[in-house]
Amino acid sequence: MAIINFFSIIWIRRKLFFSVFSAALIAGLFVSILTPKVYEVAMLAEVRSDTIGPFSTFVPWTIMQTLESGSLNSKIIAKAGIGVTGRLPKLRAKVLHNTQLVKLYTFVPASEIETAVNALLAAYEVIRDGFPAQSDAHSRKVSEMLQAANRLNESKKNIDLNMPGGRLPPGTETLSRELSDWVRGLSEMLSEYSELLQEPRTRYALGVNMVSPPEAETTPIGASPAQTFAAFVLLGFFAGCAVALWAEDRADIDKDGKGRS
Amino acid sequence: MLGPLPREGLMPVDDRKGVDFSSFLLLVNLGITAAIIACFLIKGPNDYVNIRSFYLSLAFSAQNFCFLFAVRRRPDPFVLLMVIHALFFYELRVATLLWSPFSIVFVRNLFSAADLNFAILFVMAANCAIFLGVNLFPDHGLRPLQVREKLSVRLGVPVMLFAFGVLFNLSSVATAVIRGYASIVFNYEYVLLFALVIYALYYDSLVRRQRILIVCMAVFFVIFRTAIGSRSAILTLFFYIVCVWFSVRGRFMLAKKTYLALVAAVPIALVLFLAASFVRAPIKGLQFQELLDRLGLLDMSAEIMASRLQYGGVVNVAHYFKSVIDSGLTPGFNLFDAPKAANAVSAIYTAMPGISLQIVRDNYNSDMMTLYGEACALLGPLAGWAGILIAAFLFQKIYRSCVFADTFKTVVSRTVILVIFHTYFLGSFGIDWFIVDFIRSAAPFIALFYLFSRYVRRTLVRV
């Protein structure tokens with residue numbers, strides 16, 4: 001059977017196999033002993049924008065990407081009071097599916113939980129202060145503009161339906177001037193509306209509420225020492241097999257006296 | 001011994017000029033491993049990939065190295081197909097999940113890094129089972145079957161059938177019902193598969209324009225499939241070529257230049273994928289995340305495994321039996337009102353009230369379960385592992401038993417075994433899906449099988 005041949009190669013190259021396997025075991029032992037227990041510190045924030053829509057996930061995604069890009073790190077460090085010797089943990093964010101809830105989280109060892117809590121609080125404040133705040137007056141203006149634009153759109157549909165080809169019925173020429181003025185008014189309003197939409201306080205104005213404050217999990221997450229060691233056993237076994245097969249391959253090529261691709 | 005036996009017996013002398021595909025995959029595996037390490041160091045762990053996932057994915061990578069070295073010494077189509085899947089759809093997904101921790105599959109139900117770790121472990125164990133299953137045979141290698149003598153090869157009927165198949169798939173030509181039946185009778189994918197077999201088997205006998213014609217069929221297949229919204233056309237063609245090549249040559253070797261072309265084809269495949277996604281849903285625009293979701297068979301396996309108790313309502317033998325009766329054996333009427341499991345899964349995770357054929361028709365969606373997800377959900381982890389081992393053994397047994405006096409028949413039947421292994425086994429949509437497809441396709445396929453074996457290659461050229 002082919003599988004017996006496979007194992008016979010491993011047996012022939014057993015020294016190589018066991019040296020790789022042992023190296024992986026030793027590495028696994030060190031990693032599982034030396035790796036500190038890691039805890040998740042997480043907080044939940046609600047991010048919403050009335051101007052974009054109460055159910056839009058655009059703003060939470062913007063927050064998530066901004067935080068993960070690291071561009072706010074210097075501000076967060078300053079706000080959290082992390083000194084020169086301190087280290088800002090890698091902050092992550094996740095938008096909970098189909099909601100406006102953003103989970104801000106990080107994984108740290110027990111000794112860094114306090115720093116992580118401060119960093120998350122600081123991140124929350126930096127986001128709240130860094131983006132334009134929602135203003136009721138501005139939101140109302142955008143909302144009114146949006147309604148006006150919708151009404152104009154409806155009117156345009158009616159005109160298109162009632163005047164095929166844009167021609168006025170005979171005897172209604174006096175209406176033409178009035179209509180022209182009206183259309184000019186419309187285009188000015190639409191242009192103002194589109195400018196309003198481009199403003200940062202329309203696109204990015206948001207309200208952030210803290211749903212739950214930063215808190216560390218009581219049980220460590222990630223791999224237990226036994227699990228880590230088991231993963232290294234697997235790694236060592238397959239790496240040992242791969243190296244043994246590779247060595248046999250090289251030996252065959254040398255024996256043949258010619259290269260094989 | 002693995003070493004001395006196969007090299008002389010397996011390949012024709014001229015094939016030594018090429019580079020074995022497994023050597024290329026060794027480099028790919030190295031690249032993916034480096035990507036996983038880099039992504040972990042740069043991005044750190046997240047909700048779906050923790051430090052244990054990282055260690056396990058390194059072990060998974062070592063396993064793939066091991067299989068690749070083994071398959072380089074003793075070429076085996078099943079192991080090679082399995083490793084291709086493992087590299088591009090499972091191992092690479094760990095890197096992309098580290099880079100962008102979002103998956104449309106993981107939000108269906110509760111999912112954590114522990115679930116992903118279990119999935120990686122099960123995939124590793126299952127791949128060992130496949131490796132073991134296909135290697136429980138005497139080590140006499142697979143001989144190349146390429147026909148070297150000059151023959152006269154005819155391509156008129158295959159080209160005509162391919163054209164009919166494409167034509168009947170156009171919505172402007174036929175109604176949905178006619179298209180459904182026509183796609184069974186004039187299945188242009190089968191015809192393309194036969195054409196590729198002809199190309200590889202009778203390469204020396206084909207005249208230049210015949211070779212160009214078959215290449216044109218392949219290119220047209222990719223363009224047509226993409227145009228109708230299929231996102232895996234180029235990938236399907238690639239796997240067909242691997243299967244055909246292995247059946248004919250006994251191993252998959254390519255020239256160095258071809259590997260460069262393959263690497264260059266990756267961006268083309270990405271563009272085609274995005275284009276096909278756009279054809280499907282123009283309103284959504286081009287979304288790169290969709291590509292990551294589609295490549296992530298790991299996501300589908302892991303999610304099915306993690307929520308296997310929920311999906312147990314449709315992933316079970318009784319439901320398979322009912323869905324096969326309704327979808328494959330009762331034309332025009334239904335006995336159990338049971339949709340295929342892959343169609344019913346979405347009704348479970350979207351919490352639809354009841355599962356019926358009507359609900360599936362109204363909200364059509366098919367979810368790939370993959371071999372690993374289905375085995376774990378259907379039989380449980382241990383029995384699932386044993387089931388995979390037995391299935392892999394049977395695939396190899398049948399593959400090696402496919403020997404006919406006519407080389408064409410041998411190659412076609414072996415190619416079909418490999419295509420089934422890749423399409424219905426590794427990328428499983430459920431056993432019921434396979435049985436229904438088998439029932440529908442068996443008769444037309446056998447007809448084509450005998451038609452082509454008699455028609456394509458005849459008279460010896462007298463020089």
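View 1. Ala42(A) sits opposite Tyr105(A), a residue of strand 3 of chain A. As you explore this and the other views, keep in mind that the model is predicted.

**View 2. The open sheet of chain A.** Here you can follow 4 strands of chain A through an open sheet in the order 2-3-1-4, with antiparallel pairing. Strand 2 (92-95) and strand 4 (207-216) of chain A are the edge strands, each pairing on one side only. From one strand to the next, the twist averages 20°.

**View 3. A helix packed on the sheet.** Helix 3 of chain A, residues 58-69, packs on the sheet. Look for its contacts with strand 1, strand 2 and strand 3 of chain A. The direction of helix 3 of chain A makes about 165° with that of strand 2 of chain A.

**View 4. Where chain B meets chain A.** In this view, 35 residues of chain B are in contact with 31 residues of chain A. On the chain B side, the elements giving two or more residues are strand 1 (19-20) and helix 3 (51-73) of chain B. Helix 3 of chain B gives the most, with 14 residues. Sorted by class, the side of chain B that touches chain A has 20 nonpolar residues, along with 8 polar and 7 charged ones.

Notes: Residues are numbered from 1 along each chain as its sequence is written. Chains are lettered from A and ligands numbered from 1 in the order in which they are written. This is a predicted model: local features need pLDDT of at least 70, side-chain atom pairs count only at pLDDT 80 or more; totals for chains, interfaces and linings use all residues. Two residues are in contact if their C-beta atoms, placed from the backbone, lie within 7 Å. Ala, Val, Leu, Ile, Met, Phe, Trp, Tyr, Cys and Pro count as nonpolar, Asp, Glu, Lys and Arg as charged, and the others, Gly among them, as polar. Two strands pair if DSSP finds at least two bridges between them. Axes are lines fitted to C-alpha atoms, for helices over the stretch in contact, and angles run from 0 to 180 degrees between N-to-C directions.
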